[in-house]
Amino acid sequence: MAYVTPRNYYRGRQAKLRLIVMHTMESPEHDDTAENVAAWFAGANAPLASAHACVDNNSVVLCLPPSDTAWAAPGANADGYQIEQAGRAAQGITGWADAYSQSMLRLSAAHARSIAQAAGIPLVHLTDAQLAAGAAGFVGHDQVSRVYKRSDHTDPGPDFPWTQYMALVNGGSA
């Protein structure tokens, strides 16, 4: 499988993979948003950031294999698999319920499930306390920010549909 390799990442891992970390791209929702963000991570003017995968309504663009470390959520980089999703942290419940986001959530959940199962990560959304205690599972970048206090990101946002997303991860329907 081909990767759009970002400029900034670490080869290998310092810790066993235990987290799937969800992000929003903070970019407009278009059919090529995943491709554009992956290309931005790989480009000459790339930010000091990266992800393992970028997902939009019609594609999953792989950037790094799970065996490498993306620069995405300080405190959960060494043991996290980072998924950038089309959308914004500020979009509300109706924003996550539109056709574009629903398609993106299905693709994201299927990809996240495959990575989690391969790594033996439980298909559960962790609380902040569970994350702080070292449990394995799914978290948002906002949780990583609150627990480890090494960034101030709030994605995927307060209205991210965690219950629906985890149902999709666990093989349910939207």
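Lys-149 is located in the loop that links α5 and α6; helices (H or I, at least four residues) and strands (E, at least two) are DSSP runs numbered from the N terminus. The model is a predicted one, in which local features need pLDDT of at least 70 and side-chain atom pairs count only at pLDDT 80 or more, whereas totals for chains, interfaces and linings use all residues. Residues are numbered from 1 along each chain as its sequence is written, and side-chain values use heavy atoms, with hydrogens and water left out.

**Backbone exceptions**

- Most residues other than glycine have a negative phi, and most peptide bonds are trans.
- Lys-149, which is not a glycine, has a positive phi near 55°. With a relative accessibility of 68%, Lys-149 counts as exposed (buried means under 20% relative accessible area, exposed over 50%, and partly exposed in between, with a 1.4 Å probe and protein chains only).
- Glu-26, in the loop between β2 and α1 (33-42), likewise is not a glycine and has a positive phi, of about 60°. Glu-26 is partly exposed, its relative accessible area being 38%.
- The peptide bond between Asp-155 and Pro-156 is cis, with omega about 10°. Pro-156 belongs to the loop between α5 and α6.

**The sheet**

- Five strands form an open sheet in the order β4-β3-β6-β2-β7, and the pairing is mixed. Two strands pair if DSSP finds at least two bridges between them.
- At the edges stand β4 (60-62) and β7 (137-140), each of which pairs on one side only.
- On average, neighbouring strands of this sheet are turned by 25° against each other, direction ignored. Axes are lines fitted to C-alpha atoms, for helices over the stretch in contact, and angles run from 0 to 180 degrees between N-to-C directions.

**Strand β2 and its partners**

- Strands β2 and β6 run parallel and are joined by six bridges.
- The pairing of β2 (residues 19-24) with β7 is also parallel, over four bridges.
- Met-22 stands opposite Ile-83 in β6 and opposite Gly-140 in β7. Val-21 has Val-139 of β7 as its bridge partner.
- Six of the six residues of β2 are buried, so the strand is largely enclosed by the rest of the structure. Leu-19, Val-21 and His-23 are buried on one side, and Ile-20, Met-22 and Thr-24 are buried on the other.

**Helices on the sheet**

- Helix α5 (residues 141-148) lies across β2 and β7, and its direction makes about 85° with β7. Contact means heavy atoms within 4.5 Å.
- Helix α6 (residues 162-169) packs on the sheet, where it touches β2, β6 (80-85) and β7; the angle between the directions of α6 and β7 is about 145°.

**Nonpolar cores**

- A nonpolar core is a set of buried Ala, Val, Leu, Ile, Met, Phe, Trp, Tyr and Cys residues joined through side-chain atoms within 4.5 Å.
- The largest such core has 35 residues, and those with the most contacts inside it are Ile-20, Cys-54, Tyr-81, Phe-138 and Tyr-165.
- At least two residues of this core come from each of β2, α1, β3 (53-55), β4, β6, α3 (99-119) and α6. Helix α3 supplies the largest share, seven residues.
- Another core, of eight residues, lies apart from the largest one and includes Leu-19, Ala-73, Ala-76 and Val-144.
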